[in-house]
Amino acid sequence: MRTITNINENWQFLKDHKAGEAFENAETVNVPHTWNNIDGQDGGNDYWRGTSTYRKTLGNPELAADEELWLEINGANSTSRVLLNGKELAKHDGGYSTYRVNLTDDLIDGDNVLEVEVDNSPNDHVYPQQADFTFYGGLYRDVNLIKANKAHFSLGYYGGLGLKVTPSVLEDGKGSVRVEAFTENAKDGDIVAVTLKNRLGDVVATKEAEVKDNKADMSFDVNNIHLWDGVDDPYLYTVTAELKQNGEAIDEVSTRIGFRTFDIDPQKGFFLNSRPYQLVGTARHQDWQGLGNALTKENHEIDMQNLVDMGANTIRGAHYQHDQYWYDLSDENGMIMWAEIPYISNHMANPAANENTKEQMRELIVQNYNHPSIALWSLSNEISIGGENEDLIRNHRELNDLVHSMDSTRKTVMAHVNTLDPNSELVQIPDVSSYNLYFGWYLGKLEDNDEFFDEFHERFPNIAIGLSEFGADCNPAYHSEKPGRGDYTEDYQALYHEHILKMIKARPWIWGTHVWNGFDFAADARNEGGKPGQNQKGLTTFDRKTKKDGWYIYKAYMAKDPFVHLTKKRYVNRENPMTEVKVYSNEPEVTLYVDGKKLETKTGEYVFTWEVPISGRHEIKAVGTAPEICDEMVIQKVDEKDPDYIVEGGSVHNWFTDGIEKEGYLSIMDSFGDVLKSKEAAAILMPVLEGMGSLLGPRDEDSGKTPEELKAEKEKMSQMMLKFPVETALRMSGAMKPEEIVELNKMLNKIPR
């Protein structure tokens, strides 16, 4: 029978080193490990990317004549090579999946030296190469040695388990299970014996089949099945398979499964086990502050519990294959998973890169097929950012066909960039579609989200549409009595998500929504919102210590345990004599107390607000339907705005003593399209546009593109720019000083809409 030995500890590590070269002055590290846990999170877009080597002496493994020794690497980003005693045994292109290497034939009698060379430097054929997150380098997941009989369940086929299990739900409480077992070196006539056990460990079914050409295939029925029913009841069964020769078990593997059905209807949305089940959750990156992507099981458990407590029922595993333990936790907690490969942002039009997308997809599906939590295989993310061409379209057709050939039980999906024309073939290729929309943050107004979905749903009634990314950056240190788009305040992020949740719940045909993001994450190219190197759209901070107010509005909508949460707790010093006190709750009524005295009880749903006069220091308490369902905070009146609440050098919104927007008149918060409709406003704005340079697209002389490509790109950029708020473009381009922007706004405030 196989044995698995973890070898995470005491590796010798040399940065900027190629395997096989002299190995001197190495440091000792434990796996999981990354060399970018600090420089990949501090901003500057200068984190080190290159080749490094991990080295370990295995000693002299004892193997019987009928045994093999395999190396299992669960994550090495992004290209890696395995050498044993100086001989290269394998190369793997892809940083997020498991692969295994048979060491047996190259073991020597004595100390065996294992080297794993890992390279995260840029190249032209391994995805991802362009994206808004840090590509950590390292041997960042568990490394194991597997000793197994020479005849065993497959170890070398795309890193999978060698067991493909397909449960089906029949009528009258019955189910069926198909088990496909794949072996290596087994003999025709060997037996695969399968046992199905319920959650209590009781045997509910058994079946045997003979091996032929290293495969055994069998099916059996199960009575009185217990459904895997999402977060309400994630019931799991265990399938154990034994490989037997001459009546003796020589190998064994196990996997968990769940009986469930799902469907996605363009008019009615997502269904789980034949009932409406709108998906509301978040995306998640696999990194933590100070750790990078070298996570432990405890890190994964904390993240999962965070999303469970929030009330999420779905997770998008962005933007790559996640650790097996993460999918296990999703199974156990009833999360509907969106799983994807890192085919993102920029299509590399060459055969090797196209094949890499297919290889990563094969690994994703083979390694994760048995997880009941997974409902969707995603083909790509925002892949049309660099434009559309026939090679890109063809590769997506082939990817879609590949997924369907490997798995007929799940749906394919894509996450489209907001500028993708819904008439594009990319929207038609997958089974269902989803858009990444940032109206109300990067561009446009919050209401533009509603308009987008209503228009799409009317024009394309036969396409199931979801919202795969949306969010607003937030540093919980920043606050405002009048929060506005682009100010990075915790208060605006909360308002943003209040609006989105209302929109989602009013449109059940939006089949799934995934907040960008569950947690702040590293994007070393960023420098905004007071935290260089971070994307701060997370509902929880990068260190997992602070749940932002936006987290609690989702809890109000989705969670069942009663609670009340006072928002703006970190907004202690308030300059206005009348301040808003806001509560998020799933209680039907909330009572507010100020300095121990009852102010008012309000009934409502999710959001409760009061206007409270303040003159000094005040203790605020909110109470639900029982005394223990409560929350408290302290606020105090100050004479001037606390500068600690304003992002330094950030939002234009903070440069104004009076409001930016004047009712009935134009402002810099309007889009270019709206402003340019007015001849008077256009005359003011056009000189500004001429000074904005490269923001409007590449110059002909330095683009390196054909005239036709330049024309198409500029037309696309012009259409996109019409939707951008003037304020956002000015801030991004640096074309005007703050005082000049204030004066521009004053001029626009005089021009009627």
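This is a predicted model: local features need pLDDT of at least 70, side-chain atom pairs count only at pLDDT 80 or more; totals for chains, interfaces and linings use all residues.

Student: How many aromatic pairs does a search of the whole structure find?
Tutor: Rings of Phe, Tyr and Trp (its six-membered ring) pair if their centres lie within 6.5 Å; planes under 30 degrees apart count as stacked, over 60 as edge-to-face and the rest as tilted. Searching the whole structure on that basis gives 26.

Student: Which parts does the pair of Tyr237 and Phe259 tie together?
Tutor: The two rings are edge-to-face, 5.2 Å centre to centre with 90° between the planes. Both residues are buried, meaning under 20% relative accessible area, where exposed is over 50% and partly exposed is in between (1.4 Å probe, protein chains only). Helices (H or I, at least four residues) and strands (E, at least two) are DSSP runs, numbered from the N terminus. Tyr237 lies in strand 21 and Phe259 in the loop between strand 22 and strand 23, so the pair links parts 22 residues apart in sequence: strand 21 and that loop.

Student: Is the pair of Phe262 and Phe270 stacked or edge-to-face?
Tutor: Phe262 is buried, and so is Phe270. Their rings are 5.7 Å centre to centre, with 5° between the planes, and the pair is stacked.

Student: Over which ring does the charged end of Arg410 sit?
Tutor: A charge sits over a ring if NZ of Lys or CZ of Arg is within 6 Å of the ring centre and within 35 degrees of the ring normal. Lys297 does this with Tyr325, at 4.9 Å from the ring centre. For Arg410 the distance is 5.3 Å, and the ring is that of Tyr369.

Student: How many disulfides does the structure hold?
Tutor: A disulfide is a pair of cysteine sulfur atoms within 2.5 Å. Cys474 is buried, at 0% relative accessible area, while Cys630 is partly exposed, at 29%. The count of disulfides is zero.

Student: Which residues touch the most other members of the largest nonpolar core?
Tutor: A nonpolar core is a set of buried Ala, Val, Leu, Ile, Met, Phe, Trp, Tyr and Cys residues joined through side-chain atoms within 4.5 Å. The largest has 96 residues, and the ones touching the most other members are Met361, Phe453 and Tyr554.

Student: How many residues are in the second, separate core?
Tutor: Phe153, Ala181, Ile225 and Ala241 are included in that core. Its size in residues is 28.

Student: With which side chain does the side chain of Gln286 make a polar contact?
Tutor: Gln286 lies in the loop between strand 26 and helix 1, and it is buried at 4% relative accessibility. A polar contact is a pair of N or O atoms within 3.5 Å; within protein, one must be able to donate a hydrogen and the other to accept it, and residues adjacent in sequence count only if both atoms are side-chain atoms. Here the distance is 2.7 Å, and the partner is Arg141.

Student: Which backbone nitrogen does the side chain of Tyr235 reach?
Tutor: Tyr235 sits in the loop between strand 20 and strand 21, and is buried at 9% relative accessible area. At 3.2 Å, its side chain reaches the backbone nitrogen of Arg199.

Key. Residues are numbered from 1 along each chain as its sequence is written. Side-chain values use heavy atoms; hydrogens and water are left out.
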